[in-house]
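Please open the structure in your viewer and keep the selection panel at hand.

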Amino acid sequence: MTAQLIDGTALSRHIRAQIGERAAALAARGRRPGLAVILVGDDPASSVYVRNKVKACADHGLHSVLEKYEATLPQAALLARIEALNADPAIHGILVQMPLPRHIDPHKVIEAIATAKDVDGFSVHSAGNLMTGLPGLRPATPYGCMKLIESTGIDLKGRNAVVIGRSNTVGKPMALLLLQANATVTVCHSATPDLALHTRQADVVVAAVGRRNTLTADMVKPGAVVIDVGMNRNDEGKLCGDVDFAAVREVAGWITPVPGGVGPMTITMLLANTLQAAEGRP
Ligand code: NAP
């Protein structure tokens, strides 16, 4: 069996077109959705990410501001900027690009963002909303993964889902979203002794590890949905995921490529969250 590709670029284009229409409708009523992106320091990867986020806003009719600061910016100054953006009526979403320089406590920074503007969904309040099943802004990457799974038409109810990775930004919220969709969820991590034992039972596997070839063909149940969050480089320096794509594709039923799977959906769901915040939906 050769798996069907889950095309994140196409799905992303479709969702972004809808976001553009809703943003225009909102702007016509005098409330153009606005995102503030803060970058501290000059990490090259972070610079690319923030540029892509700001460009995506411009392409879909959202207002955005990019604030760049030297790596020496004092923590108090960053917190003061967030406070000002919390009070700015033209800004509905605030994102501080991680990682931050070592002298800045990322928890303090995340908690300084008003919950209604926490478009990354990383704050304790947003995480609590997700955990308790309350509405709120969901972390963009797992939110995008859910949209990718939904696009297959497979009902998650009663399915076995395995999430590999337990970070606060991807693995844990992913597990909660799958649970909310009535899947039976197992979370694996670096101390899981036999990863394959779990993944072989899974109807859905989400790999969010950051190590290539973590999921190989012998670890996958035939017909399973495989979502590859990983972003790694192979020996030729090309972008690749956590999944041995060529081999797993011959076993799985559905699979996301890297690039062109989860990546484009992450920025798309950030736009969706900014729109949601601007619309005043919880
Ligand atoms: P992270 O914070 O480093 O977490 C990685 C997780 O993988 C940890 O929970 C770790 O377990 C687990 N792990 C490590 N080795 C393992 C192993 N051998 N078997 C099973 N689990 C193992 O990374 P992250 O932020 O969640 O990101 C994961 C990957 O997704 C990275 O490649 C990142 O670049 C990518 N990513 C992509 C997007 C996108 O838009 N495409 C967005 C976010 C992240 P412990 O907790 O036990 O250490």
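What volume does the largest pocket have? The volume of the largest pocket is about 1,200 Å³. A pocket is defined on a 1 Å grid over the protein atoms alone, where a 1.4 Å probe fits: it is an open set of points with protein on both sides within 12 Å along at least five of seven lines, and its lining residues have an atom within 4 Å of a point. Grid points are joined across faces, edges and corners, and the volume is the space filled by probe spheres set on the points.

The model is predicted: local features need pLDDT of at least 70, side-chain atom pairs count only at pLDDT 80 or more, and totals for chains, interfaces and linings use all residues. Residues are numbered from 1 along each chain as its sequence is written, and side-chain values use heavy atoms, with hydrogens and water left out.

**Stop 1: the largest pocket**

Select Y49, K53, T141, M231 and T266, which are the closest to the centre of the largest pocket among its 44 lining residues. Next, colour α2 (44-59), β4 (93-96), α6 (140-150) and α10 (262-279), the elements that each give two or more residues to this lining. Helices (H or I, at least four residues) and strands (E, at least two) are DSSP runs, numbered from the N terminus. The largest share, nine residues, comes from α2.

**Stop 2: the two domains**

Select residues 31-114 as domain 1 and 139-263 as domain 2; such bounds come from an automatic or database domain assignment. Their centres, taken over C-alpha atoms, are 29 Å apart. Where does the largest pocket lie relative to domain 1 and domain 2? It lies between them, because both domains give residues to its lining.

**Stop 3: strand β4**

Select β4 and show its side chains. G93 and L95 point one way, I94 and V96 point the other way, and all are buried (under 20% relative accessible area with a 1.4 Å probe, protein chains only).

**Stop 4**

Select F122, S123, A127, N168 and T169, the closest to its centre of the 19 residues that line it. In this lining, α5 gives the most, with five residues.

Technical notes: Buried < 20%, exposed > 50% of the residue type's maximum accessible area, 1.4 Å probe, protein only.
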